[in-house]
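Visitor: I am new to this structure and would like to learn how to read it. Could you take me through it step by step?
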Amino acid sequence: MSKNIRNVSKRRSLAIEQYQIGMETPPDRAALEIAHSRLCTRMPLDEMLKVENLRAVVVARARRHVRDRSRIDAKRRSANDFD
């Protein structure tokens, strides 16, 4: 069990290093706002971003939103061209 904990901490530290050196760009404010609205919480977004654990949740949800948003192709959708 302790081996799994060490692996998780290594992965987390690697993700933090990648984020700090710019390999992963943070989501924009619009994505953060949408992610915050989908979390169903009453705490304001700026207060959530001040708390480290809550910031991780909001940023993860914003990244998922950005990933899903990039899948939609408006031109193909308007032309009804689905494969």
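Visitor: What percentage of the 83 residues in the chain is buried?

Guide: A residue is called buried when its relative accessible area is under 20%, exposed when over 50%, and partly exposed in between, using a 1.4 Å probe and protein chains only. Here, buried residues make up 16% of the 83 in the chain. Please keep in mind that this is a predicted model, where local features need pLDDT of at least 70, side-chain atom pairs count only at pLDDT 80 or more, and totals for chains, interfaces and linings use all residues. Residues are numbered from 1 along each chain as its sequence is written, and side-chain values use heavy atoms, with hydrogens and water left out.

Visitor: Where is confidence lowest, and where is it highest?

Guide: Confidence is given as pLDDT, the predictor's score for each residue from 0 to 100. Where pLDDT is low, the predicted coordinates should not be read in detail. The chain averages 75, and 59% of the residues score at least 70. Helix α1 (residues 2–20) has the lowest mean, 57, while helix α3 (residues 45–50) has the highest, 92.

Visitor: How many helices and strands are there?

Guide: Both are DSSP runs numbered from the N terminus: helices are H or I with at least four residues, strands are E with at least two. This chain has five helices and zero strands.

Visitor: Which residues form the largest nonpolar core?

Guide: In soluble globular proteins, nonpolar side chains tend to be buried together. A nonpolar core is a set of buried Ala, Val, Leu, Ile, Met, Phe, Trp, Tyr and Cys residues joined through side-chain atoms within 4.5 Å. The largest one here has nine residues: A31, L32, A35, L45, M48, L49, V58, V59 and A62. Helices α2, α3 and α4 each give two or more residues to this core.

Visitor: What does L32 touch, leaving aside its neighbours within four places in sequence?

Guide: Contact means heavy atoms within 4.5 Å. With those neighbours set aside, L32 is in contact with P27, L45, L49, V58, V59 and A62.

Visitor: Why does R61 count as buried?

Guide: R61 counts as buried because its relative accessibility is 17%. It sits in helix α4 (residues 52–71). Beyond its neighbours within four places in sequence, R61 is in contact with A35, R38 and L39.

Visitor: And is H36 buried or exposed?

Guide: H36 is buried, with a relative accessible area of 15%. H36 lies in helix α2 (residues 29–38). Not counting residues up to four places away in sequence, H36 touches T41, M43, P44, L45 and M48.
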